[in-house]
Amino acid sequence: MSASTAAVSKMTRSVGKLAPSTTTFFLCDIQERFRPLMHNSETIISTAQYMTSVASALSIPVIATQQYTKVFGPTIPDCFAKGQQDIDELISKNRIFEKKKFSMMTEEVTQCLNAEEDFKGRDTVVLFGIEAHVCVQQTCLDLLELGKEVHLVCDGVSSQLPYDREIALQRMANAGAFVTSAQSLAFMLMQSAEHPNFKAVSKLTVEHMKKTNEFNDAYNK
């Protein structure tokens, strides 16, 4: 590779910066049946609420899926600040999708992303949910194959077994996804304290930090 080619490659390589206008949030299968089974499940749920609240504050659309709802139940209302009210609003917009495929990228979700005006020009996906090594990983890889930029919220992703989660995060990072934390992602989306929604997101962050983060607690043992 010549020096000029290397320079161009370096200039065009994405470093994973975020902007609300080009971003969509994906909430993957955080359902009632899984609540007692997931590693650090309460942190996953509280992080999901933080992320969906940030999405609302910054006018970022949210897509959610439910894996075989008849067996695993609906999306947990605590994933949203207004609980069932927010879920009902997503349902009214046709933004919650039933699936049996492991990946969120079902035919229906793909059609929604391609057809609806809200998703035009949004080539970055923020991904969080469960399970890391199955549905989240397969969603991530499908999105990367489509040329999307994927940001994984590490404190919003889990599996039943910590080992499966750890290996899945490594696997997705090696494939090209960016692994980040919820709070880092929220502030990256704003870029500056001069952002018009800075105070609103900062307030959400303060409230979120008051809640137990089981991933952080592991460092204190």
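Ser159 is buried, with a relative accessible area of 0%. Buried means under 20% relative accessible area, exposed means over 50%, and partly exposed lies in between (1.4 Å probe, protein chains only). The model is predicted: local features need pLDDT of at least 70, side-chain atom pairs count only at pLDDT 80 or more, and totals for chains, interfaces and linings use all residues. Residues are numbered from 1 along each chain as its sequence is written, and side-chain values use heavy atoms, with hydrogens and water left out.

Where does Ser159 sit? It is in the loop between β5 (149–158) and α7 (162–175). Helices (H or I, at least four residues) and strands (E, at least two) are DSSP runs, numbered from the N terminus. The side chain of Ser159 makes a polar contact of 2.9 Å with the side chain of His133. A polar atom of the Ser159 side chain also lies 3.1 Å from the backbone nitrogen of Ala132. A polar contact is a pair of N or O atoms within 3.5 Å; within protein, one must be able to donate a hydrogen and the other to accept it, and residues adjacent in sequence count only if both atoms are side-chain atoms. Leaving aside residues up to four places away in sequence, Ser159 touches Met38, His39, Glu131, Ala132, His133, Asp164 and Arg165. Contact here means heavy atoms within 4.5 Å.

Now look at strand β4, where Val126 is found. Val126 is buried, at 0% relative accessible area. Beyond residues up to four places away in sequence, its contacts include Phe25, Phe26, His151 and Leu185. Lys70 is 56 residues from Val126 in sequence, and their C-alpha atoms are 27 Å apart in space.

Next come the aromatic rings. How many aromatic pairs does the structure hold? It holds 3. Rings of Phe, Tyr and Trp (its six-membered ring) pair if their centres lie within 6.5 Å; planes under 30 degrees apart count as stacked, over 60 as edge-to-face and the rest as tilted. The ring centres of Phe25 and Phe128 are 6.2 Å apart and the planes are at 85°, so this pair is edge-to-face. Phe25 is in strand β1 (residues 23–28) and Phe128 in strand β4 (residues 124–130), so the pair ties together parts 103 residues apart in sequence. Phe25 is buried at 0%, and Phe128 is buried at 0%.

Phe187 and Phe198 also form an edge-to-face pair, 6.3 Å centre to centre with 65° between the planes. Phe187 lies in helix α8 and Phe198 in helix α9, so this pair ties together parts 11 residues apart in sequence. Phe187 is partly exposed at 31%, and Phe198 is partly exposed at 25%.

How do helices α8 (residues 182–190) and α9 (residues 198–209) pack? Their angle is about 175°, with axes 11 Å apart. That makes α8 roughly antiparallel to α9. Axes are lines fitted to C-alpha atoms, for helices over the stretch in contact, and angles run from 0 to 180 degrees between N-to-C directions. Angles under 35 degrees count as roughly parallel, over 145 as roughly antiparallel, 65 to 115 as roughly perpendicular and the rest as oblique.

Helix α2 (residues 41–57) packs with α8 at about 5°, with axes 10 Å apart. The two are therefore roughly parallel. Thr47, Tyr50, Met51 and Val54 in α2 meet Ala182, Gln183, Leu185, Ala186 and Leu189 in α8.
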